[in-house]
Structure formats: structure tokens, C-alpha cells
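Visitor: I should like to learn how to read the features of a protein model. May we work through one example together?

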Amino acid sequence: MNNNESETTVASDESKDPTGETLVDTDVSSGLEGGDRSTRPDDPIVRAEGISVWYDDDQALDDITLAIPEHKVTAMIGPSGCGKSTFLRCINRMNDLIDAARVEGDLYLGGKNVYDADVDPVALRRRVGMVFQKPNPFPKSIRENVLYGLKVQGIQADYDQVVEESLKRAALWDEVKDRLDESGLELSGGQQQRLCIARAIAPDPEVLLMDEPASALDPIATSQIEDLIDDLAEEYTVAIVTHNMQQAARISDKTAVFLTGGELVEFDDTQKIFENPENDRVEDYITGKFG
Ligand SMILES: Nc1ncnc2c1ncn2[C@@H]1O[C@H](COP(=O)(O)OP(=O)(O)OP(=O)(O)O)[C@@H](O)[C@H]1O
Ligand SMILES: [Mg+2]
């Protein structure tokens with residue numbers, strides 16, 4: 001699973017996949033290797049400093065400063081339209097794919113500003129995987145779904161081992177090990193989402209971004225995803241957007257509360273946010289008085 005970057009070969013320019021996961025690269029190592037990878041458990045691996053985003057003339061995020069600790073689960077909560085997805089997309093530069101979007105400020109991954117001119121966004125997306133609200137497996141076999149990111153980048157690896165390890169980490173292996181050549185689309189919604197998680201972790205990213213990954217799922221599948229997120233945080237840093245307060249309280253270590261206007265109003269330990277927030281607007285939001 002630890003793919004040596006020197007083994008990575010150059011692929012063509014076809015990074016047009018709507019998931020942003022088409023990790024085709026022209027130079028995987030470009031730009032990012034200069035940063036210090038943090039090693040201590042509470043070090044921030046992702047640090048936003050004064051991030052503002054506009055879509056044409058409309059501001060979606062206003063001066064966000066936030067440090068996401070390594071190997072923890074950080075939840076982003078807040079009412080619809082407050083900029084949570086926009087913020088996640090700043091971390092792996094998926095806003096680059098939206099013509100109207102303009103980002104200002106600095107966003108560090110392990111000490112390196114991902115908006116520096118020498119950073120290749122495609123290489124960045126290999127280090128920062130993403131899972132979306134709606135499960136979106138490709139119309140390919142389960143096995144090829146898992147291997148998609150690696151193959152498209154021409155990364156050599158023991159593919160059988162990657163498939164098995166990724167599916168095990170995504171808690172799907174036992175359910176699919178005898179049907180790896182069947183279509184990913186034949187799985188249930190919850191299984192499809194775990195397949196998408198396996199696909200996101202197969203290239204061995206450092207950070208996993210999850211944008212409402214369980215909101216389209218039934219309670220049992222939701223609880224499987226929640227258990228999984230807990231396990232994943234041992235190996236990855238997880239940033240998750242959720243509208244489900246109980247879910248944020250259950251699964252996250254830190255919670256960031258965004259409110260209308262694209263402001264980050266409070267960021268603290270999850271327990272503190274839910275039990276004794278500093279900000280009255282946060283309290284009102286959490287107790288359901290608005291939002
Ligand atoms: N591609 C886009 N083009 C133009 N405006 C956008 C685009 N994406 C988001 N916006 C606007 O930016 C603001 C923040 O949107 P964003 O999707 O980040 O919010 P959100 O907090 O994720 O909301 P939700 O909880 O509904 O998913 C909104 O006003 C939205 O209309
Ligand atoms: Mg959103």
C-alpha cells in the first residue's frame with residue numbers, strides 16, 4: 001500500500017472525472033514533498049489561514065482560519081449554504097474545477113501551502129482523498145473500482161493486495177471477496193459507499209475528506225459507516241461534513257461550526273461544542289433554534 005512515489009509513472013491528461021478522483025498526474029512528486037509531514041498526534045496536518053472563497057461576486061467563505069489535527073476526526077457542521085463543502089474542496093483544490101470559484105488565503109498540508117505555484121493539484125488529490133454524499137462507484141467491477149486511482153496514474157503495486165487491504169479497511173471485504181469481478185453498481189447503497197471509501201483509500205492518502213457520506217443511507221448502513229470512520233482515523237486524518245448533530249457528536253474529536261455568511265464561528269473539542277459552546281449562535285444552532 002505504501003506506493004513509492006518514484007515508482008509512479010506519468011499518465012495522460014484526462015482528469016475530467018466529476019468525482020475529482022481521476023488522479024491522473026503529470027508529475028506526482030511535484031511541489032508537495034517540501035512540506036514537513038507532522039508526526040505528533042496533535043499536530044495539525046491541514047491548516048487554513050485566512051481562506052476566503054467567492055463564486056463570481058458572491059462570497060461563500062469568509063476568512064477561515066482552522067487547523068485540523070492529524071489522526072483525528074474533525075466534523076464540519078452548519079446550516080445549508082454556509083460553505084462546508086466549499087471548505088472541503090479548498091483542501092484538495094477541487095474548487096479549481098469550478099470556473100466561477102476564486103480562493104484567497106493559504107492552505108497548508110503538512111507545512112506546504114497547497115496553493116503555491118509549484119503544487120500539482122492532481123498530486124495533491126492523491127494525498128487528500130474524497131468521498132461524496134451520493135455513492136458514486138464507476139460502472140466497473142468492484143476490483144477495478146478499488147484500483148481506479150492507482151491504475152489511472154500508472155502506479156505499480158501488488159494489485160491483489162491493494163484490493164484486499166483497501167476493502168478490508170473499508171469493512172467491505174467479507175461481503176464482496178467472492179464477487180470482485182461483479183459490477184460495483186450491483187451493490188447496495190451502503191456497500192457502494194464503502195466501495196467508494198475503499199477507492200479513496202487505495203492510493204494511501206493522508207487525509208480523507210467526507211462530504212455527508214452517510215446522508216443517503218439507511219440507519220444500519222449509516223452506523224456501519226460511522227464505525228468505519230472511527231477505525232479509519234487510526235490511519236488517516238478525517239474531515240467530515242454532516243448535517244446530523246448526533247453523528248458529529250458521536251464520531252468526531254473536533255467540531256467546526258460554520259454559520260450563514262461563510263463564517264467559522266467556533267472550533268473546539270466536540271464535547272465542548274456540544275456541551276458548552278462559547279458562542280450563542282452556536283448554541284442556538286445546536287439546540288435547533290435555527291438552521
Ligand atoms: N459551483 C458553485 N457555483 C456557484 N455557487 C456555488 C457553487 N457551489 C456552492 N456555491 C454557493 O456557495 C455557498 C456555499 O455552498 P456550499 O455548497 O459550500 O454550502 P454547504 O454548507 O456545503 O451547504 P449544504 O449543507 O447544503 O451542502 C452557497 O451560497 C452556494 O450557493
Ligand atoms: Mg455541502
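This is a predicted model: local features need pLDDT of at least 70, side-chain atom pairs count only at pLDDT 80 or more; totals for chains, interfaces and linings use all residues.

Visitor: How many helices and strands does the protein have?

Guide: There are 10 helices and 10 strands in the protein. Of its 291 residues, 46% are buried. Among contacts between residues at least 6 apart in sequence, 71% join residues at least 24 apart.

Visitor: Which residues surround ligand 1?

Guide: The shell consists of Tyr55, Ala60, Gly78, Ser80, Gly81, Cys82, Gly83, Lys84, Ser85, Thr86, Ile98 and Ala100. By class, five residues of this shell are nonpolar, six are polar and one is charged. Helix H1 (residues 84-91) contributes the most to the shell, with three residues.

Visitor: How should I read a nonpolar core?

Guide: In soluble globular proteins, nonpolar side chains tend to be found buried together. Here the largest nonpolar core has 78 residues, and Leu208 and Val238 have the most contacts inside it. Helix H6 (residues 189-201) gives the most to this core, with six residues.

Visitor: Which residues does valine 238 touch, not counting those up to four places away in sequence?

Guide: With those left out, valine 238 touches Val73, Leu208, Met210, Ile229, Leu232 and Ala233.

Visitor: How may the length of helix H6 be checked?

Guide: The check compares an expected span with the distance between the end C-alpha atoms. At 1.5 Å a residue, the 13 residues of H6 should span 18 Å, and the end C-alpha atoms are 19 Å apart, so the two agree.

Visitor: Is H6 mostly covered or mostly open, and against what do its buried residues pack?

Guide: H6 is mostly covered, with 12 of its 13 residues buried. Among them are Gln191, Arg194, Leu195, Cys196 and Ile197. The buried residues of H6 pack against strand S6 (128-131), helix H3 (142-152), helix H4 (159-169), helix H5 (173-176), strand S7 (207-211) and helix H7 (219-232).

Visitor: How should I read a sheet?

Guide: Strands of a sheet pair through backbone hydrogen bonds, either parallel or antiparallel. In this model four strands form an open sheet in the order S2-S1-S4-S5, with antiparallel pairing. Strand S2 (58-69) and strand S5 (112-113) are at the edges and have a single partner strand each, so one side of each is left without a neighbour in the sheet. Strand S1 (residues 44-55) pairs with S2 over eight bridges, and tryptophan 54 stands opposite glutamine 59 in S2.

Visitor: Is glycine 50 buried or exposed?

Guide: Glycine 50, which belongs to strand S1, counts as exposed because it has 12 C-beta neighbours inside 10 Å. Not counting residues up to four places away in sequence, glycine 50 touches Asp63, Thr65, Gly105 and Asp106.

Terms used
Residues are numbered from 1 along each chain as its sequence is written. Chains are lettered from A and ligands numbered from 1 in the order in which they are written. A residue is near a molecule or strand if its C-beta atom, placed from the backbone, lies within 6 Å of it. Helices (H or I, at least four residues) and strands (E, at least two) are DSSP runs, numbered from the N terminus. Ala, Val, Leu, Ile, Met, Phe, Trp, Tyr, Cys and Pro count as nonpolar, Asp, Glu, Lys and Arg as charged, and the others, Gly among them, as polar. A nonpolar core is a set of buried Ala, Val, Leu, Ile, Met, Phe, Trp, Tyr and Cys residues joined through C-beta atoms within 7 Å. A residue is buried if 20 or more other C-beta atoms lie within 10 Å of its own, exposed if 12 or fewer, and partly exposed in between; C-beta atoms are placed from the backbone. Two residues are in contact if their C-beta atoms, placed from the backbone, lie within 7 Å. The expected span of a helix is 1.5 Å times one less than its number of residues. Two strands pair if DSSP finds at least two bridges between them.
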